[in-house]
Amino acid sequence: MTPMTKTLRSALFAAATVFAGLNAAQAALPIEHWTLASGARIYLVSTQALPIVDVQIDFDAGSRRDPAGQAGLASATATMVEKGVRAGKNGEPALDENALGEAWADLGAEFDTSAGTDRASYSLRTLSDPALLAKVVALASREIGEPAFPDDVWQRERERINASLKEANTKPATIAGRAFAKAVYGSHPYGQEVTEATLARIDTAAMRQRYQQLIVPCRAKLSIVGAVTRAEAEAMATALLSRLPGPEACTPLPAIAPVAALGAPRDERIPFASAQAHVLIGQPGYPRKDPDHFALTLGNYVLGGGGFVSRLTNEVREKRGLAYSVYSGFAPGLDAGAFRVGFQTRPDQAEEAVKVSREVLARFVAEGPTAAELKAAKDNLIGGFPLLLDSNRKLIGNVANIAWHDLPLDYLDTWTARMNAVTAAEVRAAFARKLQPERMVTVVVGGK
């Protein structure tokens, strides 16, 4: 471990204590927002409590933008960004993946790339010392703007991913998840499946083309939390994006059709020799910006999101012993991510467990929560809210969520009041609008 790495880790250790005290006194810090000349949008929480800076940069370049025949391109591209940088436009030498890793270790900073369903993300964590920060930002700007996408490394990585796919295909949970996604999303990009065939169609030329089309400054959303001023944050943001080619005009990306509602129920029983049957029940849910979000979050806590105090757990586990655990949840995104009920059970108990789960769900949609259930849900979620903000890392996640979904800048400040204002009638109405228990997908993998 380098001295710089030790320094960073010491600062991170201090972060937990400082933020715990900070958030006991206040729910959130003010968010500043502005747009750069390039079109990049900045969201800043400036706090001098710790000598740390966290940055997250998001682009509309998640898997929903993958061509149908190249499912997995977003994830592959994100992986390959970290495998080296080409010679820099300012005369810097090329760095392979080993040299790049050593460079980050010497700086004691963290840099990661990832791609989800909706977005491709770059995350950076470093100390805020000006001399160090300048070096970290310079290296990050190279990795963001000058990835090498080496062909030989991609051949190796593709083999590794293929091996992981083959292993995953031996697991009932993977088979259930894929069947569920296909049934819920149909032809929507949210339901695309990564296979050996789609990976075979992905090459580094496709990654470079994707970069030119999607990873451009005018489409960036940068969330910054830490010990920097607005002027320093703007300079950082400008530098981080400075090596990306900027189009003369930032034309809107093609619209993606919304997830279609299910027209009829669909049951799939997939035989699998396993000790436990894996069960998923659900349908399309709602986009994150939906005004019903707070009511649905509270209601789901009562239904199946509250662990051992939920209705599903009480009926499926406690009263009948049909499963060790059972849950429900929404996964909202830019589009309607899935709602699902999930559990594992003995194959010979699967039908009974499915029947009970469906009955609990239908009854909850029809009746909503009791006053006591709603109060307990509010007490738990509101009481735990400060824990969502008690570190730089958690705070950057919340700020990035606000930025990505275009939520109000005072979202964290008003969260408790908005959650507390939800009534049982509003929960019942929201669930009635969003869920149709009689038209859901049911997937059971296991047994004969």
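The legends below describe close-up views of a predicted model.

Residues are numbered from 1 along each chain as its sequence is written. In this predicted model, local features need pLDDT of at least 70 and side-chain atom pairs count only at pLDDT 80 or more, while totals for chains, interfaces and linings use all residues; side-chain values use heavy atoms, with hydrogens and water left out.

**View 1. The whole protein chain.** The protein chain has 16 helices and 13 strands. Both are DSSP runs numbered from the N terminus, helices being H or I with at least four residues and strands E with at least two. The C-alpha trace spans about 65 × 55 × 45 Å along its principal axes. A compact globule of 448 residues would have a radius of gyration near 22 Å, and the 24 Å of the protein chain agrees with that. The radius is taken over C-alpha atoms, and the globule rule is 2.2 Å times the number of residues to the power 0.38. Of the 448 residues, 52% count as buried. Buried means under 20% relative accessible area, exposed means over 50%, and partly exposed lies in between (1.4 Å probe, protein chains only). Among contacts (heavy atoms within 4.5 Å) with a separation of 6 or more, 81% are between residues 24 or more positions apart.

View 2. Helix α2 is mostly covered, with seven of its nine residues buried. The buried residues are Leu73, Ala74, Ala76, Thr77, Ala78, Met80 and Val81. What covers them includes strands β4 (84–85), β6 (110–115) and β7 (120–127), and helices α4 (130–145), α5 and α8 (204–214).

**View 3. Helix α2 against helix α5.** The axes of α2 (residues 73–81) and α5 (residues 151–168) come within 11 Å and cross at roughly 130°. Axes are lines fitted to C-alpha atoms, for helices over the stretch in contact, and angles run from 0 to 180 degrees between N-to-C directions. The two helices are therefore oblique to each other. Angles under 35 degrees count as roughly parallel, over 145 as roughly antiparallel, 65 to 115 as roughly perpendicular, and the rest as oblique. Ala76, Thr79 and Met80 of α2 meet Val153, Trp154, Glu157 and Arg160 of α5. By class, this contact has four nonpolar, one polar and two charged residues. Ala, Val, Leu, Ile, Met, Phe, Trp, Tyr, Cys and Pro count as nonpolar, Asp, Glu, Lys and Arg as charged, and the others, Gly among them, as polar.

**View 4. Helix α10 against helix α16.** Helix α10 (residues 293–305) and helix α16 (residues 424–434) pack at an angle of about 90°, with their axes 9 Å apart. That makes α10 roughly perpendicular to α16. Ala295, Leu296, Gly299, Asn300 and Leu303 of α10 are in contact with Glu426, Val427, Ala430, Phe431 and Lys434 of α16. Six of the residues in this contact are nonpolar, two are polar and two are charged.

**View 5. His278 in strand β10.** His278 is found in strand β10 (residues 277–284). His278 has a relative accessible area of 13%, so this residue is buried. Leaving out residues up to four places away in sequence, His278 touches Pro172, Ala173, Ala176, Phe343, Gln344, Val443, Val444 and Val445.

**View 6. Thr35 in strand β1.** Thr35 has its place in strand β1 (residues 32–35). At 47% relative accessibility, Thr35 counts as partly exposed. Not counting residues up to four places away in sequence, Thr35 touches Ala40 and Arg41. Thr35 and Thr251 are 216 residues apart in sequence and 17 Å apart in space, C-alpha to C-alpha.
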